[in-house]
Amino acid sequence: TWLPLGFKVLKKIENIVREEMDASGAQEVFMPMVQPKELWNETKRWEKMGPELLRIKDRHERDFCLGPTHEEVITDIVRNNVKSYKELPLNIYQIQTKFRDEVRPRYGIMRGREFLMKDSYSFNIDEESLQETYLIMREAYKKILDRIGLEYKISAADSGAIGGDSSEEFHVLAENGEDTIAVSDSSEFAINSELLLKDGENINSLEGKPSPDGKGTIQIKKGIEVGHIFKLGRLYAESMKANVLNSEGKASTLYMGCYGIGVSRLVAAAIEQNFDEKGIIWPHSIAPFDINIISIGFEKDENGNCIRYSNAFNTLRLGTHGDNMIEMGEDRQREKERDPNNEFIVKDPNGVEIMRSHYVPDCFRRLCEAYPNETFNNYSAIHNCLNPDLYIKSNKHFTFTYVLPRPVPVLET
């Protein structure tokens, strides 16, 4: 179950993914999660997928499965609706809940049976067109991870149960990652370490060897796979007879690509890469709130209703969108700036420091300048964390503090 603040993080990531997919020229659809056995029989994956595919029967004893992926469904849609090469290239995506009956689900949303995923599928008339679409999607994934603010590597990978001609994985670097990748210390080269191992070798034996691209030496990194892109070629189109008429009026089998990125897993990956001993440090682009301001210092009428906010509160409130969530446009443009002379400092009710950040929004700087001699202790600010006691310490000796009654959970799985 995603609780309110964790759900905000999830939706922010989903929105970034959707914006970059739309910008790439892909079109969004929504396909059924429950899929008939007949489609999976066409590709012979009904048995090949093994117990990971959760099979169910309806009241008429017909066989279905909960979709872990949608190659069969989308190929069926395209073969019944696209008839000419003039309708290509076509790139279709969805953001939908998937289910894979993992033998050992673990680490909460890192590897659960049910998860939110963006999966897209491209259809092309030839290999050259497929390569063009593949590179567009590769660039879109880089933009997604860059916007979120994650350090990552793109590595050559095995295509696994999806199949196809070749594939690449997108790994968010994290010490707690499940995957081990070999990267060059002098280039962008990266590969799943298992693809480099020879019989009898262990992963540590790769450390320090010359990089296969001829640039530098290999370093071993731990990563979390958040995305995987495939050039499927004609694998699914041939087995499902997905054809169109080409420029010569002859039937031509389609070339396909598929591209997945784990929306909910990106939440887990962001946490694993951005934390300290005190807790989560959300990247600014996906923090559930930029700032949340609560005023407890205002004039009341005889019935206890607010009749006037303090000047300091209004200074902040008038620069917002009018609700509890402040999203300052200029701050978003400068989200990677850091000022060592200004700090957000978070303390628990016992005064123990649990987080600090050197990014201070301009609205607070302006407040310092407007009220240089005032101590603001009637407001609460939440920035990249959801912990009890938050204040700002700056070179202007500006304090901004209010103790919340209790910590607020980010999410629960």
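Which residue forms a salt bridge with Glu 42? Some notes on that and its neighbours in the list follow.

1. First, the ground rules. This is a predicted model, where local features need pLDDT of at least 70 and side-chain atom pairs count only at pLDDT 80 or more, while totals for chains, interfaces and linings use all residues. Residues are numbered from 1 along each chain as its sequence is written, and side-chain values use heavy atoms, with hydrogens and water left out.

2. The partner is Arg 79, with the closest N and O atoms 2.8 Å apart. This pair links distant parts of the chain, 37 residues apart: Glu 42 sits in helix H2 (residues 37-42) and Arg 79 in helix H4 (residues 71-81). Helices (H or I, at least four residues) and strands (E, at least two) are DSSP runs, numbered from the N terminus. Glu 42 is partly exposed at 27% relative accessible area, but Arg 79 is buried at 18%. Buried means under 20%, exposed over 50%, and partly exposed in between (1.4 Å probe, protein chains only).

3. In total, the structure has 19 salt bridges, each a side-chain nitrogen of Lys or Arg within 4 Å of a carboxyl oxygen of Asp or Glu.

4. Another one joins Glu 28 to Arg 18 at 2.9 Å, N to O. Glu 28 belongs to strand E1 (residues 27-28) and Arg 18 to helix H1 (residues 4-23), so the pair ties together parts 10 residues apart in sequence. Both are partly exposed, Glu 28 at 37% and Arg 18 at 21%.

5. Glu 102 and Arg 111 also pair up, at 3.2 Å. Here Glu 102 is buried at 15%, and Arg 111 is buried at 18%.
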